[in-house]
Amino acid sequence: MKPNIIIRDAAIEDLPRIVDIYNSTIEGRMVTADLNPITVESRVDWFHDHHPSTRPLWVMTEEETIIGWLSFQDFYGRPAYKATAEISIYMDASCRKRGIGGAFLEEAIRRAPGLGIHTLLGFIFGHNEPSIRLFKRYGFESWAHLPNVAELDGVERDLEILGKRVAGKLDS
């Protein structure tokens with residue numbers, strides 16, 4: 001990773017930029033199932049659901065400007081799944097295809113076991129080939145294919161669930 005790029009825990013003051021980056025992906029219909037822009041206010045509770053020691057929300061900065069973010073979120077919301085997390089990565093449009101999304105993913109894989117996470121999941125639209133390639137490049141495998149489960153502008157889209165085991169078996 002370039003020396004002027006830093007990954008850090010997000011602060012509430014970062015939320016407007018996080019929302020801006022997220023909203024910039026909606027129109028392309030490749031990354032998110034949201035169809036309309038969201039507001040900062042609508043994401044305050046979501047922000048507070050993240051905890052640096054278990055389910056962090058990170059921002060990536062370049063020369064102190066936020067260029068992307070990554071979140072760890074609970075999978076399925078039941079206690080038995082506490083060692084599994086869904087990760088999401090969003091990059092500013094000007095920073096895509098520079099290889100730094102991979103650095104973000106690599107950091108998530110490296111730090112996940114220390115967060116008590118043994119399995120990482122990525123939920124990616126089937127037509128989002130760049131993201132699928134990225135996750136597979138870092139060892140994620142196709143674990144599920146859900147055909148036609150989303151509708152974007154009248155077009156049904158598939159959802160791919162990619163997974164990677166990042167820590168050993170839990171003690172019984």
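## Cores, a helix and paired strands in a predicted model

At 9% relative accessibility, Met91 counts as buried, because buried means under 20% relative accessible area. The model in which this residue is found is a predicted one. Met91 has its place in strand β4, and, when neighbours within four places in sequence are left aside, Met91 is in contact with Ile21, Met60, Ile67, Gly68, Arg96, Ile100, Gly101 and Phe104. Ser131 lies 40 residues from Met91 along the chain, and the C-alpha atoms of the two are separated by 11 Å.

Strand β4 also holds Glu86, which is buried yet has no salt bridge, the nearest side chain of opposite charge being that of Arg55, 9.5 Å away. Not counting residues up to four places away in sequence, Glu86 touches Ser71, Phe72, Gln73, Leu121 and Phe123.

The largest nonpolar core has 28 residues, and those with the most contacts inside it are Phe72, Leu120 and Phe135. At least two residues of this core come from each of β1 (5-9), β2 (57-62), β3 (65-74), β4 (84-91), α3 (100-111), β5 (119-125) and α4 (129-137), with α3 giving the most, five residues. Apart from this core lies another, of 15 residues, among them Leu15, Ile26, Ile38 and Phe47. In soluble globular proteins, nonpolar side chains tend to be buried together. Leu120, with its neighbours within four places in sequence left aside, is in contact with residues including Phe72, Ala85, Ile87, Ala108 and Leu162.

Helix α1 (residues 15-26) has twelve residues and reaches 17 Å from its first C-alpha to its last, which is close to the 16 Å expected at 1.5 Å a residue. The buried residues of α1 are Leu15, Ile18, Val19, Ile21, Tyr22, Asn23, Thr25 and Ile26, and what covers them includes α2 (44-48), β2, β3 and β4.

Strand β7 (residues 155-165) pairs with β5 and is also joined to strand β6 (residues 141-152), as the table sets out.

| Strands | Sense | Bridges | A residue and its partner in β7 |
|---|---|---|---|
| β5 and β7 | antiparallel | seven bridges | Thr119 and Arg165 |

Terms used:
Residues are numbered from 1 along each chain as its sequence is written. This is a predicted model: local features need pLDDT of at least 70, side-chain atom pairs count only at pLDDT 80 or more; totals for chains, interfaces and linings use all residues. Side-chain values use heavy atoms; hydrogens and water are left out. A nonpolar core is a set of buried Ala, Val, Leu, Ile, Met, Phe, Trp, Tyr and Cys residues joined through side-chain atoms within 4.5 Å. Buried means under 20% relative accessible area, exposed over 50%, partly exposed in between (1.4 Å probe, protein chains only). Helices (H or I, at least four residues) and strands (E, at least two) are DSSP runs, numbered from the N terminus. Contact means heavy atoms within 4.5 Å. The expected span of a helix is 1.5 Å times one less than its number of residues. Lys and Arg count as positive and Asp and Glu as negative; His and the chain ends are not counted. A salt bridge is a side-chain nitrogen of Lys or Arg within 4 Å of a carboxyl oxygen of Asp or Glu. Two strands pair if DSSP finds at least two bridges between them.
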